[in-house]
Amino acid sequence: MCSVIGLFNVPEAAKYAYFGLFSLQHRGQEAAGIASSDGEKIHIAKGRGLVTQVFDEAKLKKLIGNSAVGHTRYSTAGEDSMLDAQPIFARYDLGQIAVVHNGNLTNALQVRRELIKEGAIFQTYMDTENLIHLIARSKKEQLYDRIIEALHKVEGAYSLILLSRKKMFVMRDPNGFRPLSMGKLGDGWVVASETCAFDLIGAEFVRDIKPGELVVFEEGKEPRSIQVFEPKPTKCIFEYIYFARPDSNIFGKNVYKLRKAMGRELAKEYPVEADMVVPVPDSGVASAIGYSEESGIPFELGIIRNHYVGRTFIEPTQEIRDLKVKMKLNPIKNVIKGKRLIVIDDSIVRGTTSRKIVNILKEFGAKEVHMRISAPPTTGPCYYGVDTPTKEELISSRMSVEEIKKYIGADSLAYLSIDGLLRSVGNDLSYCMACFDGNYPILPKE
């Protein structure tokens, strides 16, 4: 997941980056960072935790300049350490650069080994650092030529923003796995993972960065587009199902509307007699509304989510593990007692959380619990920036739907079909659905 944002020719750019990252916080909560440029020097601040925990007024005041890049981290490659927070900053023969990256490079280990053999010294475990080394070691005279050369040596998913002292470079992989949009802010420009960032800072959406496109921002000039790779559009469909905020427009489509459509399709494919439709908050809300509208069964917020649950460092005994779901999700007993529930969620990954949710609902007096999932079964891991478990850990790869139903204790269980999902989002775009169908556009080297 992760989020990236970049601003160019915007006064107090770091402050806008801060607010933009705040609206993109859902894409990563492990670490946050901002780098700014005043034209002569790049300034950087980053740390572990949420955006509001990492930055205060004093830190933002030090991030001077009219250009900035920012990042919130959700780790899929690398380790959970301060060194792996972004932006990555480096000094090299052309000056200074700061890089932020959303995605995963599928040949990262191979490239890293080759660089180490040639004498490169790595300070992080992130695949993003490969790009810094490739750029620094290039013999090309212009930075954009070095970037292009580096990108020809890597594979996988990347939405990249690179900030030098005087320019900003934005790049999206040829498949366009991850979203990246461009907007106008006053006389300047902003690029972000999702359009909800534009809404908060008052930017006007212009267009999406094209797959395989490099956009160069220079002072006093219009953005320059270079089509580095032939586009092979294969957009991550999981952005619609889970990652993106409902108020964002991803790949040109509104996420909230698509999630409601998934719920409607689910109601058509797998109806069941019940008293109410209950979402697992927050991921199941929009689909539950769609299911309710299509089925005519009332929508109820039968489960309330506590938004302030962070990590717990208490000894992880079985009793404490069971408490963690209750800390986050609490049913309303007076609403669900004696009722037949259709419970809507967006996925079942390992099955442990769904099992606890079903158990809690029945403990609180639910008469029946019918689980409905607004996506197909997740049967394979993702190699393009999603922290899915190994195939062995994915419950749908080793159990049938009937077996999963028994494991989680539900009275019935059904998933949206792949055809139903495509009807919901439309067949006008090409999507990566490898986690559902096993058809990987790019296979990892290791």
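Modeller: Here is a quick run through the chain, from the overall fold down to single residues.

Modeller: Keep in mind that this is a predicted model.

Biologist: What box do the C-alpha atoms fill?

Modeller: Roughly 70 × 45 × 45 Å, along the principal axes.

Biologist: And what share of the residues is buried?

Modeller: Of the 446 residues, 56% count as buried. The chain exposes about 19400 Å². Carbon and sulfur atoms supply 50% of that area.

Biologist: What about contacts between residues 24 or more positions apart?

Modeller: They make up 68% of the contacts with a separation of 6 or more.

Biologist: Switching to charge. How many positive and negative side chains are there?

Modeller: There are 59 positive and 56 negative ones. The centres of the two sets lie 2 Å apart.

Biologist: What is the mean pLDDT?

Modeller: The mean is 92, and 95% of the residues reach 70 or more.

Biologist: Where is the pLDDT below 50?

Modeller: Over residues 311–315. That stretch has 6 contacts in the model beyond near neighbours in sequence.

Biologist: New topic: peptide bonds. Which residues does a cis bond with omega near 10° join?

Modeller: That one runs from Gln86 to Pro87. Pro87 sits in the loop between strand 4 (67–73) and strand 5 (88–92). The bond from Pro281 to Asp282 is also cis, with omega near -5°. Asp282 is in the loop between strand 17 (276–279) and helix 10 (285–295).

Biologist: Which residue has a positive phi of about 60° although it is not a glycine?

Modeller: Asn9. Look in the loop between strand 1 (3–8) and helix 1 (13–23). Asn9 is partly exposed, at 32% relative accessible area.

Biologist: Now Phe251. What is its phi?

Modeller: Phi of Phe251 is near 50°, which is positive in a residue other than glycine. Phe251 lies in the loop between strand 15 (249–250) and strand 16 (253–254).

Biologist: Is Phe251 buried or exposed?

Modeller: Phe251 counts as buried, because its relative accessibility is 8% and the cut-off for buried is under 20%.

Biologist: Thanks, that's what I needed.

Methods: Residues numbered from 1 in each chain as written. Predicted model: local features only at pLDDT ≥ 70, side-chain atom pairs only at ≥ 80, totals over all residues. Heavy atoms only, no water. Buried < 20%, exposed > 50% of the residue type's maximum accessible area, 1.4 Å probe, protein only. Contact = heavy atoms within 4.5 Å. Areas by Shrake-Rupley, 256 points an atom, 1.4 Å probe, with all protein chains shown as cover. Lys, Arg positive; Asp, Glu negative; His and termini not counted. Charge placed at Lys NZ, Arg CZ, Asp CG, Glu CD. pLDDT = per-residue confidence, 0-100. Helix = DSSP H or I, 4+ residues; strand = E, 2+ residues; numbered from the N terminus.
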